[in-house]
Amino acid sequence: MATSFSRRRRSGHRAGLAALAITATLLAPVPRADAAPKPSVAATKKKLARLNSQVDKLVDSYNKAKSRLDAAKKELKALNGQVAAEERTYKDMHTRVARIAAAAYKNGTLDYTTSLLAAQDPNAALSQMSAFTQLSSSRSRELKAFVDSAQRLRREQAMARYALQVVQKHAASVEKQKTTVERAIARQKELLRDAGVLGGPGGPVGGTYDGPASGPPRKALQYAYAQLGKPYIYGGTGPKGYDCSGLTMMSWRAAGVSLPRVVPDQYAATRHVARSDLQPGDLVYFDDLGHEGMYVGGGKFIHAPHTGSVVKIDSMSNSWYVSHYVGASRP
C-alpha cells in the first residue's frame, strides 16, 4: 500500500512538473516568424535626415503661426488701450451732455433727461439721437464731440472683439502645429537613440569671432559665435537655445538689423547674392528654404542644425549641403 502511494506520489509530482512546463511555454513570448530585422545605423541615419528636413519645414510653419499670433496679440492690446481711452473720453462727454440736458429740463425746454442719463454705452446713446438733437444750438459743439466719441467707441469695441477672435483663431492654429512638431521631434529622438547619436549634455558654450568682417556683419557674427554649443530648440530665439532662423534673426538683431522670423521670409526680405560673392555675415539657405545659417568665411557657416544637435560651424562642402544648397542673401 505504501509502495502504491509512493508510486502515485511520484506520478503526481511528474504530472505537476509537466503542467508547470506547459504553463511556462504558454506564457513565454513567441518569436514572430515575420519580425523585421532591426534597421542598420546607416538606414536609421538616412531616415533621420529625411525627418530632419520635414521637421525644419514644420518648425518654420509653427514659427510663422506663432508670429501671427504675437502680432494679433499686439494689435488686440493696442485696440484694448484705444477702447479704454475712448471709454474715458465718452464718460467725460456723457457727463457734460447730461448736465446740458438737465439744465434744459429745468428750463422746460427738454423732457429727455432720463433717456440721456440712461445712455451709459455708445449704442444706447446713439439710439437717443432724436432727443439730443433738440438741445440748444449753442451747445452743438459739445453734442458733436459726444456723438463722435460714441461712434468711435462703438467702432473700436467692434474692432477689439474681432481682434480677440483673430487671436483665438491663431492660438488654436499654434497649438495644433505645436502638437504636430512635438510628435515629429519625439520621433527624431527615437531615431537618434537608435542611431546611437543622441547626445547628452553638450560641451563648452560660446566662442569668439576673429575673422575679417567689420561693421554690422561683425556684430552679427560675434553674437552667433557666443551661442556656439547651445542646444537646438524648435521655436528658440535664445538665450537657452535656438532654431536655425531664430539664431540668424537674433544675431542680426544684435547688429541693429531687423529680420523676419522664418526662413522663407528672411530670404525674401534680403538682397540675394551669388555663392561666388559670399561674404562673412551673409545668410546661406538649404533644402528648399527649410534651413539656413550664417556664412563665416572659408567655405564654412554657423547654424543651429536640428534636434539633438547644438549651434555649431559646418562646412558648405559637406555633400548634403552641396546637394541641398538654395542660395544666399545679404541683410
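A charge is said to sit over a ring if NZ of Lys or CZ of Arg is within 6 Å of the ring centre and within 35 degrees of the ring normal. Keep that in mind for the first exercise, and remember that this is a predicted model.

**Exercise 1.** Find the residue whose charged end sits over the ring of Tyr325, then see which cluster Tyr325 belongs to.

*Solution.* Start with the charge: the charged end of Arg275 sits over the Tyr325 ring, 4.5 Å from its centre. Next, follow the ring pairs, which link Tyr325 into a cluster with Phe286, Phe301, Trp320 and Tyr321.

**Exercise 2.** Work out how the rings of Phe286 and Phe301 are arranged.

*Solution.* Searching the whole structure gives nine aromatic pairs. For Phe286 and Phe301, the ring centres are 5.1 Å apart and the planes lie at 35 degrees, so this pair is tilted. Phe286 belongs to strand β2 and Phe301 to strand β4, so the pair ties together parts that are 15 residues apart in sequence. Finally, check accessibility: Phe286 and Phe301 are both buried.

**Exercise 3.** Trace the strand partners of β4.

*Solution.* Begin with β3 (residues 291-297), which pairs with β4 (residues 300-303) in the antiparallel sense over three bridges. Here Gly297 stands opposite Lys300. Two residues separate the strands of this hairpin, and Gly298 takes a positive phi near 65 degrees. Now turn to β5 (residues 312-315): β4 pairs with β5 over four bridges, again in the antiparallel sense. In this pairing, Lys300 stands opposite Ser315.

Note on methods. Residues are numbered from 1 along each chain as its sequence is written. This is a predicted model: local features need pLDDT of at least 70, side-chain atom pairs count only at pLDDT 80 or more; totals for chains, interfaces and linings use all residues. Side-chain values use heavy atoms; hydrogens and water are left out. Two strands pair if DSSP finds at least two bridges between them. Rings of Phe, Tyr and Trp (its six-membered ring) pair if their centres lie within 6.5 Å; planes under 30 degrees apart count as stacked, over 60 as edge-to-face and the rest as tilted. Buried means under 20% relative accessible area, exposed over 50%, partly exposed in between (1.4 Å probe, protein chains only).
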